[in-house]
Amino acid sequence: MSETVFGNYIAGEWTTGTSVAENINPSNTNDVVGLYARADAAGAAAAIAAAKEAFPAWSRSSPQLRHDALIKVSQEIHARREELGRLLSREEGKTLAEGIGEVTRAAQIFGFFAAEALRIAGQKLDSVRPGLDIEITREPVGVVGIITPWNFPIAIPAWKIAPAIAYGNTVVFKPADLVPASAWALTEIISRSGLPAGVFNLVMGRGSVVGQAILDSPDVNAVTFTGSVSTGRMVAAACVASIPMKKVQLEMGGKNPLVVLDDADLDVAVECAVNGAFYSTGQRCTASSRLIVTEGIHDRFVSAVVDRLSSLVVGDALDPKTQIGPVVDQSQLDQDLDYIRVGQEEGAKLVFGGDLIKRDNPGHFLAPALFTETSNAMRINREEIFGPVASVVRVRDYEEALQVANDTAFGLSAGICTTSLKYAKHFKRNSEAGMVMINVPTAGVDYHVPFGGRKASSYGPREQGSYAVEFYSQVKTAYTG
């Protein structure tokens with residue numbers, strides 16, 4: 001392993017931090033991916049100052065300049081997708097295919113927003129008062145603080161960074177402390193894209209230090225955050241209390257239902273359940289953690305899911321045969337195991353998995369866990385576990401299934417497996433979720449459409465697609481007499 005320390009990127013320069021963190025491979029804890037600098041509050045302040053200084057010129061820059069920088073980033077990410085996907089899988093633990101897929105998505109996101117930079121729309125309206133013209137335009141918000149989680153270490157940064165730059169903002173980016181390698185690699189690409197110094201800044205480090213500095217600074221105009229509900233509430237409170245107040249966007253947890261009706265195609269239902277609940281090691285906010293199954297198909301569905309789980313290969317993320325990678329770190333593994341214990345204590349029946357798996361290398365390998373005989377009141381069905389753990393809830397009919405599906409504090413994604421157009425149509429309209437899936441997994445969305453939920457899952461404007469303009473710009477109405 002090289003002793004090179006990968007630094008922060010502030011005002012167009014690579015800088016050291018006040019400490020260094022090892023980035024550990026969860027598939028092989030003997031493997032150190034790299035050494036990454038951690039910034040302190042002063043480093044974060046320097047990044048914010050650089051972004052503030054760069055904002056006046058960048059906010060009035062040519063849309064062509066923004067387009068050209070973003071498309072250059074997109075093209076390089078795409079050309080290096082296998083290399084970057086391998087790095088991502090090595091540091092985060094999702095399978096190599098998933099890692100390459102996520103990197104490809106990041107390239108697509110930058111390409112999409114490169115085009116969006118060229119079509120920022122306004123309006124010209126006639127006034128109800130004679131002799132007046134009205135123009136409605138969109139302007140950049142200012143310095144945007146971007147705080148991202150560890151489970152999608154390049155795609156989520158991409159869908160925040162790209163629109164921020166496309167709409168003329170400057171950026172201070174704090175990635176999750178657990179996965180700095182993908183963030184650093186993305187930053188290195190961005191550093192060569194032609195952006196002026198200070199437009200984009202990377203400050204790695206702990207949320208309690210770097211994240212807090214972003215929240216505390218009066219020079220940060222907006223904060224977009226993806227992470228836990230508890231941290232999200234703290235972020236929102238800090239942004240509202242700030243003087244001046246910061247614009248805030250939150251994407252948080254999920255406890256997503258997948259309803260399986262008696263008339264469902266069993267193969268389709270099993271694929272949706274296993275993919276949605278257990279792929280990416282269940283470490284997705286859109287994962288199908290509650291499988292709500294009507295009694296006519298319940299036993300056949302459970303049996304088929306257990307058969308499918310028994311055939312899945314859990315192992316090293318970089319092994320092409322692996323279908324489920326490791327849990328991201330020991331802390332998350334401990335949380336998963338604790339919830340499995342809680343489920344058993346609550347009276348749920350563990351019908352598959354939930355035990356540690358040994359492989360040639362030391363890693364955080366957990367057999368995917370499936371509970372049956374659960375009620376929606378159990379903690380394992382109320383709280384987000386964020387691991388390869390799913391519960392089956394038996395219900396009488398569609399009406400009870402819908403009620404149980406909506407009986408949650410969250411509202412990110414919801415799915416239904418049915419061959420009935422009647423029930424599919426009714427579920428789309430009456431599901432209390434921001435995204436609804438019919439006969440497809442609850443996890444997995446396109447890059448060009450809005451992403452987000454309701455209730456405790458999301459707060460503020462949607463992310464991704466053309467709807468991103470709502471957060472990363474502000475509206476001005478101008479009258480001319």
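Biologist: Is Glu-13 buried or exposed?

Modeller: Glu-13 counts as exposed, at 51% relative accessibility. The cut-offs are under 20% relative accessible area for buried, over 50% for exposed and partly exposed in between, with a 1.4 Å probe and protein chains only. Keep in mind that this is a predicted model: local features need pLDDT of at least 70, side-chain atom pairs count only at pLDDT 80 or more, and totals for chains, interfaces and linings use all residues. Residues are numbered from 1 along each chain as its sequence is written, and side-chain values use heavy atoms, with hydrogens and water left out.

Biologist: Fine. Where does Glu-13 sit?

Modeller: In strand β3, residues 13–15. Helices (H or I, at least four residues) and strands (E, at least two) are DSSP runs, numbered from the N terminus.

Biologist: What about phi of Ala-11?

Modeller: Phi there is near 55°, a positive value in a residue other than glycine. Ala-11 is in the loop between β2 (8–10) and β3, and is partly exposed with a relative accessible area of 35%.

Biologist: Switching topic: which residues does the cis peptide bond join?

Modeller: Ile-243 and Pro-244, with omega about -5°. Pro-244 is in the loop between α8 (229–241) and β12 (247–251).

Biologist: Now the rings. How many aromatic pairs are there?

Modeller: The count comes to twelve. Rings of Phe, Tyr and Trp (its six-membered ring) pair if their centres lie within 6.5 Å; planes under 30 degrees apart are stacked, over 60 edge-to-face and the rest tilted. One of the pairs is Trp-159 with Phe-451, which is tilted, at 5.3 Å centre to centre and 40° between the planes.

Biologist: Which parts does that pair tie together?

Modeller: Trp-159 lies in helix α5 (residues 155–166) and Phe-451 in the loop between β20 (435–438) and β21 (454–455), so the pair links parts that are 292 residues apart in sequence. Trp-159 is buried at 5% relative accessible area, and Phe-451 is buried at 5% too. Another pair, Phe-471 with Tyr-472, is edge-to-face: 4.9 Å centre to centre and 90° between the planes.

Biologist: What does Pro-461 touch?

Modeller: Leaving out residues up to four places away in sequence, Pro-461 touches Val-248, Gln-249, Glu-470 and Phe-471. A contact means heavy atoms within 4.5 Å. Pro-461 is in the loop between β22 (458–459) and α15 (469–472), and is partly exposed at 24% relative accessible area.

Biologist: OK, zoom out. How many helices and strands?

Modeller: The protein chain has 15 helices and 23 strands. Of its 481 residues, 58% count as buried. Residues 24 or more positions apart account for 73% of the contacts with a separation of 6 or more.

Biologist: And what box do the C-alpha atoms fill?

Modeller: Roughly 70 × 65 × 40 Å, taken along the principal axes.
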